[in-house]
Amino acid sequence: MALGDLWQAACDAGRRGRLTRDAASAQCPDNGGSCRHRNRIAVTQQPSEKSTDVLVIGAGVSGLATALALIEDGREVLVIDAGRIGGGASHGNCGTITPSHAPPLAAPGTITKALGWMLKADAPLYVPPRFDPGLWRWMLGFAARCNMQDWMASTRVKAAMLNDSRVRLAGWVARYGLQCEFTEVGEDYVFRTQRGMDHEMRELPLLREFGIEAELIDGPAYEAQEPAVKPGVAGAIRFHCDAALRPDRYVAELARVVRERGGRIIEQCALQSLESDAGGVRAQTAQGALRAADAVIATGAWSPLIARSIGLPWLRKAIQPGKGYSMTYSLPAVVPRRALTLRERSVCVTTWGSGFRLGSTMEFSGYNTDLNERRLGALERGAAEYLHHPFGAEKRERWCGWRPMSRDDIPLIGRAPGHQHLWMATGHGMMGVGMSTGTAQMLADLMAGRTPEVAPEAFSPARFA
């Protein structure tokens, strides 16, 4: 099965809430260097080619947000996707907009925890024992950043982007009339143990330094405020700056606005190869050849799979797919008043008028498509420890999807090294929705030659090349 076929098959299946086993097990011949993708076609306009100003590859949250920002800049934009709009991680995450989550996964002690959890399939961070040289190379780079200096540097960079994007998102919702159940009531980190709360409180001075304020609430006071929680809560940390939305509806609304403003979106159009030169880019897709002045790679967790075919082989070492799970239900009898993170169990709880979702977990199992029952069950068990009504009567969706985890937990935003007209907006990890508007504006500014409001240097893809 060719690379484009693998990507398209997996994306097609992903919209049903899980991915096919065949798509995950297939191997692209390009991995061995003999794939037809190596036979590059010179970037010269052919009579049969379609053309556009900017080609955005990936119709997830990053790709569509970037498309909208570019359209607002006066660019003509075409978006293509191997599957359907929002068919990847944009669909099933919890939709929390969280400057509070600025601290990266690569923290002191993370590797020790991960090693201790390797044989526990329902652990919040799970690395199944297996032979995967690519994953272990990535893990070595990740482990090297699990120190206080790099942790603080990454927190600073992520906080800047999350704060900027949070403000922009509220503006976009109002400006474009995005009907995505957006709410700005904040988020609570809830603790069942004082030890857990004390550990988390150590990060608060750093977060305040970066403009992220928090309110501490003791157990009895929190139980009085939040009737959804069971007795015995040690306390909560409330982040008033956080927000939430329904991610699938947000992505659908971005697609609507892109189209209303003249952008084009082609679904079921897998990228097969891409070549760039000083004059622009040429892409071969499942629906024919395309010529563009610029192209943007916004393919999320699929970025490593297309790395060779777009001339960026180093990208395979920079990003790993981090598998997350969620379960969506009808509304329980009593729901939390705002989004919750049940901290000791690493379970996120989001309530919308249209439903109720439990989500989170991080699993490094490659492009494995199985819906792990133990990990799904861990979401419900974790919620049951904290909530009177941990889920609704109707189970509407069981989902898994892959987040694009960069080695340093900072996204890749900017010009692809060695390519004048190829740009990147990928590697957002668990923060794709929360960073979407800031990413879009940063990339639009860079492509126009403007200085972005958030310093772009730390996000440059060149750091991995």
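S360 has its place in strand 16 (residues 355-363), where strands (E, at least two residues) and helices (H or I, at least four) are DSSP runs numbered from the N terminus. The model is a predicted one, in which local features need pLDDT of at least 70 and side-chain atom pairs count only at pLDDT 80 or more, while totals for chains, interfaces and linings use all residues. Residues are numbered from 1 along each chain as its sequence is written, and side-chain values use heavy atoms, with hydrogens and water left out. Although S360 is not a glycine, its phi is positive, at about 125°. With a relative accessible area of 22%, S360 is partly exposed, a class that falls between buried (under 20%) and exposed (over 50%), judged with a 1.4 Å probe and protein chains only. E181, also not a glycine, has a positive phi of about 60°. This residue is found in the loop between helix 7 and strand 5 (187-191), and its relative accessibility of 25% makes E181 partly exposed.

Turning to the whole protein, there are 14 helices and 19 strands. Of the 465 residues, 60% count as buried.

The largest nonpolar core has 64 residues, of which L64, W172, L178, Y250, L254 and V296 touch the most other members. Such a core is a set of buried Ala, Val, Leu, Ile, Met, Phe, Trp, Tyr and Cys residues joined through side-chain atoms within 4.5 Å. Helix 7 (residues 148-176) supplies the largest share of this core, nine residues. Beyond its neighbours within four places in sequence, W172 is in contact with residues including A65, L68, Y250, L254 and A440. A second, separate core of 26 residues includes C269, A295, I297 and A307.

Strand 17 (residues 395-406) is largely enclosed by the rest of the structure, because nine of its twelve residues are buried. Its antiparallel pairing with strand 13 (residues 319-329) runs over eleven bridges; two strands pair if DSSP finds at least two bridges between them.

T426 lies in strand 19 (residues 422-426) and is buried, at 1% relative accessibility. Its side chain reaches the backbone oxygen of G300 at 3.3 Å. Residues touched by T426, leaving out those up to four places away in sequence, include I297, G300, I319 and P404.

Definitions and conventions: Polar contact = N/O pair within 3.5 Å; in protein donor to acceptor, adjacent residues only side chain to side chain. Contact = heavy atoms within 4.5 Å.
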